[in-house]
Protein chains: 2
Amino acid sequence: MKNNGSIETGCLHCNVRLSSVFNVLDQEQTQELCAHKSCAVYKKGQYVFTENGLPNGLFCINSGKIKLTTTGYDGKEQILRLVKSGDILGYRALLSNERYHCSAVTLEDASICIIDKKYFFDALAASPKLMFEVVKKMSHDLKTAEDHIVSLSQKNVRERMAEALLFLKATYGFEEDNQTLNVSLSREEIADYVGTSTESCIRLLSEFNTDKLIQLKGKKISILNLQKLIQTANIED
Amino acid sequence: MKNNGSIETGCLHCNVRLSSVFNVLDQEQTQELCAHKSCAVYKKGQYVFTENGLPNGLFCINSGKIKLTTTGYDGKEQILRLVKSGDILGYRALLSNERYHCSAVTLEDASICIIDKKYFFDALAASPKLMFEVVKKMSHDLKTAEDHIVSLSQKNVRERMAEALLFLKATYGFEEDNQTLNVSLSREEIADYVGTSTESCIRLLSEFNTDKLIQLKGKKISILNLQKLIQTANIED
DNA sequence: GCAGAAACATGATTAAAATCATAAAAATTA
DNA sequence: TAATTTTTATGATTTTAATCATGTTTCTGC
């Protein structure tokens, strides 16, 4: 009885797995993995885990988008990372044996597996390959965070806003029309990523809209002039 | 011929090793390590590695302090991390098989070992314990970076300046007098960490000095009123 | 010890962005 | 569908911090 779930949720048949850190596992290891995970469905806006909580497993996003946020001073939110299907979630606190220092909230309905903590550690110790994959993921997140630091330190709000739109494109890509960002964030959420006030965020997006860099339709943002947006973000000189 | 260096530089007798990621190695592994490292001395202001360079080993700080900086837009420097003896250096690019995305510059004369790349990877694969130590280090650096993001996003320059002084205290500690920060940075370097202009940095430090929060003597900064500095940094409410 | 350069200091001005205020539009719920 | 709340929008004002300008001190090399 290796497979607790239905055939659809079996890891061997999971096409997201192939683009995840678990792609390095062989068939046997994958079945082991499958036996130690459980899957859950989350509604939009639900918490997957919360700040200060203790991790008891590794989350793996099957479908859906998630924001990692932390509550700063005066209760203001800060979006630290954005996560998509195939990504692992909650690995930092788990690996360093600490409490979560941020919360994970779904941006849309999501399906998420949780892999048993003990099994995951054993799997890591048994498979250097898997460990290296996780290290690469963390390394990438560290680089992204440090890029963000430079941006926050040295760029003005307009540049950071343009950069944020490019980041959303890089993270979630476009819809079928090849220009609409495949994620819906409120202006406040965008501001919480960019590090500005909601009003400034609204103002700048309106301005980009007027200047035909982007097109706004409710929460949907389309990139009309990628080249000019890159210029506005002032990426490399 | 296991030991290339003098007895003083042998890893077995290195007291810095015990507070480093390599403390998990046994005697035999430590001798192996010793056979695959070489040690070098750097003068203050020297580059250990530079942005865009290719890593060919892991650096381990024997003595001395190092700043990790990246060149932002308009050539402005950003200090990303501060490194001290016992710390490893240049691990991110090495582990993710990328070029360095920042440069490492010594803040004072330093003695630094470099551990052969191939050996280090083999050692990691052979010792999950060592790997976990490295992962913990990266995890810590990621948390620090994300804390910095929140600070840059949500705090004003005065708060960040106070926070930076507390960070220097946490990183390098005090001198024997138990109040003077055990590191010498120029005002410009502090500004490059805080994310402000050199002038604003100078002004705020003078102000803290006038307000008796700190005492300035050239590059030496003493913390006179820790409690008030914590208040000024607006850490937790 | 001196000359030049770099770092530190401080005032004046300008620019950027936050905050405050108000209102319209959209979404949610009764 | 009407009522209420939330989100988006935009103008006016204030605050913050950058920039510009100038002078002083400290450091460094000869």
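**Contacts and cores in a predicted protein–DNA model**

User: Which residues of this predicted model surround DNA strand C?

Analyst: 14 residues surround DNA strand C, and the closest are A:N156, A:V157, A:T196, A:S200 and B:R187. A residue is called near a strand if one of its heavy atoms lies within 4 Å of it. Sugar and phosphate make up 61% of the atoms of DNA strand C that come within 4 Å of the protein. The model is predicted: local features need pLDDT of at least 70, side-chain atom pairs count only at pLDDT 80 or more, and totals for chains, interfaces and linings use all residues. Residues are numbered from 1 along each chain, chains are lettered from A, and side-chain values use heavy atoms, without hydrogens and water.

User: What makes the approach of B:R187 to a phosphate oxygen of DNA strand C a polar contact?

Analyst: A polar contact is a pair of N or O atoms within 3.5 Å. A backbone N or O atom of B:R187 lies 3.0 Å from a phosphate oxygen of DNA strand C, so the pair qualifies. An N or O atom in the side chain of B:S206 is 3.2 Å from a phosphate oxygen of DNA strand C, and therefore this pair qualifies too.

User: Why is a set of 90 residues called a nonpolar core?

Analyst: The term denotes buried (under 20% relative accessible area, 1.4 Å probe, protein chains only) Ala, Val, Leu, Ile, Met, Phe, Trp, Tyr and Cys residues joined through side-chain atoms within 4.5 Å. The largest such core has 90 residues; A:F22, A:L89, B:F22 and B:L89 have the most contacts inside it. Apart from it lies another core of 28 residues, including A:L185 and A:I221.

Technical notes. Buried means under 20% relative accessible area, exposed over 50%, partly exposed in between (1.4 Å probe, protein chains only). A polar contact is a pair of N or O atoms within 3.5 Å; within protein, one must be able to donate a hydrogen and the other to accept it, and residues adjacent in sequence count only if both atoms are side-chain atoms.
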